[in-house]
Amino acid sequence: MTYQETLDFLFAQLPMFQREGKSAFKKDLTNTIALCKALGHPEKKFKSIHVAGTNGKGSSSHLTASILQESGLKVGLYTSPHLKSFTERIRINGLNISEQKVIDFVEEIKPIIKEVQPSFFELTVAMAFDHFAKEDVDVAVIEVGLGGRLDSTNVISPEACLITNIGLDHMDMLGTTLRQISKEKAGIIKSETPVVISQKQVETSPIFLEVAQEKNAPLIFAENHFSWDADKLLRDGKEYLQDVEIGVKGNYQRHNVIGVVALMKVLNDHQLFKVTSDQISLGLKKVVENTGLKGRWQILQQSPKVITDVGHNEDGWKFVLGQIAEETFEKLHIVLGVVKEKDLPNMLSKLPSNAYYYYCKPNVPRGLDAKILEEEAKKLGLEGILVDDVNQAILKAKDQANANDLIFIGGSTFVVAEVNEL
């Protein structure tokens, strides 16, 4: 098969959460274990760091990988979903897995696919583990797909774990309260394995402490050790890093950085990997260059300023709107699309009423009809027009905006993925 035929085969044959939602999510690890067994247990052949959370786990995974690269290690990075190319999901030192290796893997494992009938995500996880093992990485940073306890990535035995912000998302699968969701995320905590919690939250902290105690896992809350003073990062109240430059924009990244730097402290303290403060500074600064991170408060053009961000749940929107409030502009234009399972009234009620909206539909089966989005927004007094296609909506916004306006594109990772200029 060609590369495109291989992808078509995967998309057609395997249930895919990205496209279909809840029906594609497998609530146990049986298939992943079967795939790994058939491949000779690649997940046991490399060291790993496991990253979970609601918001910030993707950025934190990239930041972690970038710092470890700067320390001279050969670093695998597994993230999801992809924005432009499937191969983005599996990288080593910033280089995507080759199309030929994707073809070869699928050809090799076709009989096992028929036998196991995995989901798209389960097969992709197995592909990543196989690639990292064959390429003999020093360490792989593995981002959880959804939840933690029952996520396909949760067959690894990591050197350390990082859990970022916990928010209300995927409540139909993970639970309806922060406590329930944090219990699922805490499922990545392993026996006697250090775990870092990026943000202390009243509802979730007791859950993490309880699970860590049960597992005899050393746990630290990053905020107990690290804080910001302008562009200086403090450690236990004393200056640690000066003139910190984060290569990916957005003030919310400061929460992620605190967690990632605390993780580096743990790796050093437990003599797992040696990372210097200079390597941390460089890794933070060069994260886009080192790992190819996209879609995080990414500025696409100036005059009018066009920005996109993958934030898509309640906490994600809170960070985005806070960042928008710091921008200077005459009028705000928002190109907006969402997926079907969102709590529309709750989400829309938090959006600025003085913005002008361009309602569109992300081109995935889960994408919500833009007409429904427009009708619900109108009920809340939001003014806008329906332009179903994402890029047509962006062109319409640019046409209507003046040089001093701000255009924001978001609402769903899948909207951002369709942006031509990304």
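A residue counts as buried when its relative accessible area is under 20%. By that cut-off Ile113 is buried, because its relative accessible area is 6%. The model described here is predicted.

**Ile113 and its surroundings**

- Ile113 belongs to helix α5, which spans residues 99-116.
- Apart from neighbours within four places in sequence, Ile113 touches Phe9, Leu14, Val106, Pro118 and Leu123.
- Asn31 lies 82 residues from Ile113 in sequence, yet the C-alpha atoms of Ile113 and Asn31 are 9.8 Å apart in space.

**Helices α3 and α6**

- Helix α3 covers residues 30-38 and helix α6 covers residues 120-134; their axes come within 9 Å and cross at roughly 35°.
- The crossing of α3 and α6 is right-handed.
- On the α3 side the contact involves Asn31, Thr32, Leu35 and Cys36, and on the α6 side it involves Glu122, Leu123, Val125, Ala126 and Phe129.
- Sorted by class, the residues in this contact are 6 nonpolar, 2 polar and 1 charged.

**Cysteines**

- A disulfide is a covalent bond between the sulfur atoms of two cysteines.
- The count of disulfides in this model is 0.
- Cys36 is buried, because its relative accessible area is 1%.
- Cys161 is also buried, because its relative accessibility is 0%.

**The sheet of 3 strands**

- Strands in a sheet pair through backbone hydrogen bonds, and the pairing may be parallel or antiparallel.
- An open sheet with antiparallel pairing has 3 strands in the order β9-β10-β11.
- β9 (226-229) and β11 (238-241) are the edge strands; each has a single partner strand, so one side of each has no neighbour in the sheet.
- From one strand to the next, the twist averages 45°.
- Strand β10, residues 232-235, runs antiparallel to β11 and is joined to β11 by 3 bridges.
- Arg235 has Lys238 in β11 as its bridge partner.
- Helix α10, residues 253-269, lies across β9, β10 and β11 and runs at about 135° to β9.

**The sheet of 6 strands**

- Another open sheet has 6 strands in the order β12-β13-β17-β14-β15-β16, and its pairing is mixed.
- The edges are β12 (298-301) and β16 (383-386); because each has a single partner strand, one side of each is left without a neighbour in the sheet.
- The twist from one strand to the next averages 25°.
- β12 and strand β13 (residues 305-308) run antiparallel and are joined by 3 bridges.
- The bridge partner of Gln301 is Val306 in β13.
- Helix α13, residues 314-325, packs on this sheet and touches β14 (332-336) and β17 (406-410), with its direction at about 170° to that of β17.
- Helix α16, residues 390-400, also packs on the sheet, where it touches β12, β13, β14, β15 (356-359), β16 and β17.
- The direction of α16 makes about 170° with that of β14.

Conventions. Residues are numbered from 1 along each chain as its sequence is written. This is a predicted model: local features need pLDDT of at least 70, side-chain atom pairs count only at pLDDT 80 or more; totals for chains, interfaces and linings use all residues. Side-chain values use heavy atoms; hydrogens and water are left out. Helices (H or I, at least four residues) and strands (E, at least two) are DSSP runs, numbered from the N terminus. Buried means under 20% relative accessible area, exposed over 50%, partly exposed in between (1.4 Å probe, protein chains only). Contact means heavy atoms within 4.5 Å. Two strands pair if DSSP finds at least two bridges between them. Axes are lines fitted to C-alpha atoms, for helices over the stretch in contact, and angles run from 0 to 180 degrees between N-to-C directions. A disulfide is a pair of cysteine sulfur atoms within 2.5 Å. A crossing is left-handed if the near helix is turned anticlockwise from the far one by less than a right angle, and right-handed if clockwise. Ala, Val, Leu, Ile, Met, Phe, Trp, Tyr, Cys and Pro count as nonpolar, Asp, Glu, Lys and Arg as charged, and the others, Gly among them, as polar.
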